[in-house]
Amino acid sequence: MGKSLKGKELGRGLYQRSDGLYVARIYTKGSPKPIYLYDSNLAKLKKKRDHEKARYIMGLNAEARKYTTAEWFDEWMKLYNIGRLKNTTINGYVDGFERITDYIGSVRLESLTPAHIRNMVERLQADGYAETSVEHSLTIVNLLLNSAVDSRMIPMNPCKGILIAKSEEAVVDPLQEDEEKVLTKEEIETFLNAAKNTRYYEVFYIILNTGMRIGELAALQWEDIDFHSHRIRVYKTLNKTTNFYDNKKNRVENPYNTKQITTPKKKASYRWIPMSKKVENAFLTWKVKQDMDKEKYGSKWGANNVLKDEYPDLVFTTKPGNLFLPQYGSQECSRILNIIDKKEIKRAQIENREPHLYSVYPHKFRHTFVTRMNQSNMSPFTVSKIAGHSSVNMTNYYTHLEKEYVSDEFNKFIETYEEENIPQIEENTTKDKYE
């Protein structure tokens with residue numbers, strides 16, 4: 001039985017030090033060393049002791065007390081995520097958590113409550129973050145704390161039941177929103193006519209008529225283009241990502257960027273895309289450009305391409321032979337659109353009307369392609385197969401379609417849209433060496 005400095009009995013495992021601080025000593029089964037708890041207030045210390053005993057009875061890990069939420073995040077990343085997830089996913093986890101470190105990062109994991117989580121959400125919203133960003137951060141914290149529950153660090157997840165208050169902004173008309181994601185025939189003709197003499201015209205023509213994601217297009221190798229069977233093999237993507245951890249899973253002081261080609265996240269993204277004759281000619285015309293680049297730069301072509309050794313035969317490259325990064329497509333869209341806008345504004349002023357301005361970005365060509373396939377009365381399963389869409393309800397149906405059936409259905413799309421009034425790719429005789 002311990003005593004206070006005044007000689008009062010405090011109870012088993014309790015005593016007071018000479019500096020006035022109260023101490024609780026707890027022994028747990030299987031551990032030769034006791035757990036010590038401290039507080040200047042005896043009543044609070046007894047609550048801490050009872051709380052610790054309750055944790056022990058529930059089988060919770062005594063290590064939890066040493067972690068702040070931020071420290072547990074680092075541990076969680078090392079134990080469960082780094083080395084198992086793609087770097088782009090890791091980046092998303094880090095970005096989502098760093099958004100909330102100021103609010104809950106320093107809070108002890110065992111002390112985290114629903115009030116902390118609600119305050120975190122409200123603070124994010126007050127700081128002007130978009131609902132999608134707030135939802136993303138809440139999702140990451142929820143995953144983090146679910147892992148803490150599974151690891152017996154905490155008895156329950158304080159995120160449970162936390163909802164995000166929706167903003168009172170005007171609701172966008174879904175029909176208008178859908179239209180804004182798809183290019184009209186007039187917009188396509190205007191854009192491609194403006195792009196016809198630029199270096200990357202073929203890029204836009206191909207993604208408009210194949211629906212490939214820009215990262216998938218940038219990762220293509222010539223061996224992926226099957227001119228004999230008139231199809232494109234899609235099974236990888238190119239991206240630029242930030243590294244927050246080193247090879248030993250430790251957080252680096254100065255994050256650095258890496259260019260990489262990886263496999264897609266979803267099984268549905270592995271696919272063959274049928275090619276029309278015009279798309280084949282676009283690839284072959286591009287090949288002529290690339291061969292001219294190689295001839296011009298000689299041995300220096302591709303000297304600064306960090307992936308050249310692993311992927312020596314990429315289809316799309318810059319003039320010096322460097323990687324064609326997905327953001328280059330967006331930058332080129334903006335550059336071409338700026339030229340179009342200037343002409344349209346000037347024309348509208350002369351005609352005394354409002355200018356017709358619109359947005360163009362690589363993924364909008366993909367939306368347009370999928371919409372056009374549907375409008376061509378193609379089977380929805382075939383559309384999903386070609387676009388590489390992942391759907392819980394549809395995947396089992398469209399992933400087993402035969403290639404011949406997909407090709408036959410795709411001809412409906414070619415017959416409907418191939419003869420538009422846009423710069424066409426002419427027949428190219430260099431096809432033979434790829435067959």
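1. β3 and β4 make a hairpin with five residues between them, and G20 in the turn has a positive phi of about 95°. Strands here are DSSP E runs of at least two residues, helices are H or I runs of at least four, and both are numbered from the N terminus. The model is predicted: local features need pLDDT of at least 70, side-chain atom pairs count only at pLDDT 80 or more, and totals for chains, interfaces and linings use all residues. Residues are numbered from 1 along each chain as its sequence is written, and side-chain values use heavy atoms, with hydrogens and water left out.

2. Two strands count as paired if DSSP finds at least two bridges between them. Q16 has Y22 in β4 as its bridge partner.

3. On to the next pairing: β4 and β5 (residues 35–39) run antiparallel and are joined by five bridges. I26 is bridged to I35 in β5, and V23 to Y38 in β5.

4. Together these strands give an open, antiparallel sheet of three, in the order β3-β4-β5. β3 and β5 are the edge strands with a single partner strand each, so one side of each lacks a neighbour in the sheet. From one strand to the next the twist averages 25°, where axes are lines fitted to C-alpha atoms (for helices over the stretch in contact) and angles run from 0 to 180 degrees between N-to-C directions.

5. How many of the five residues of β4 are buried? Four are, which leaves the strand (residues 22–26) mostly covered. Buried means under 20% relative accessible area, exposed over 50%, and partly exposed in between, with a 1.4 Å probe and protein chains only.

6. Helix α11 (residues 277–297) has 21 residues and reaches 31 Å from its first C-alpha to its last, close to the expected 30 Å; that expectation is 1.5 Å times one less than the number of residues. Its buried residues include V279, F283, L284 and W286, along with K278, E280, K287 and D293. The cover over the buried residues of α11 includes α9 (201–210), β6 (225–226) and β7 (231–234). G298, just after the helix, takes a positive phi of about 60°.

7. Of its 435 residues, 45% are buried. Among contacts (heavy atoms within 4.5 Å) with a separation of 6 or more, 62% are between residues 24 or more positions apart.
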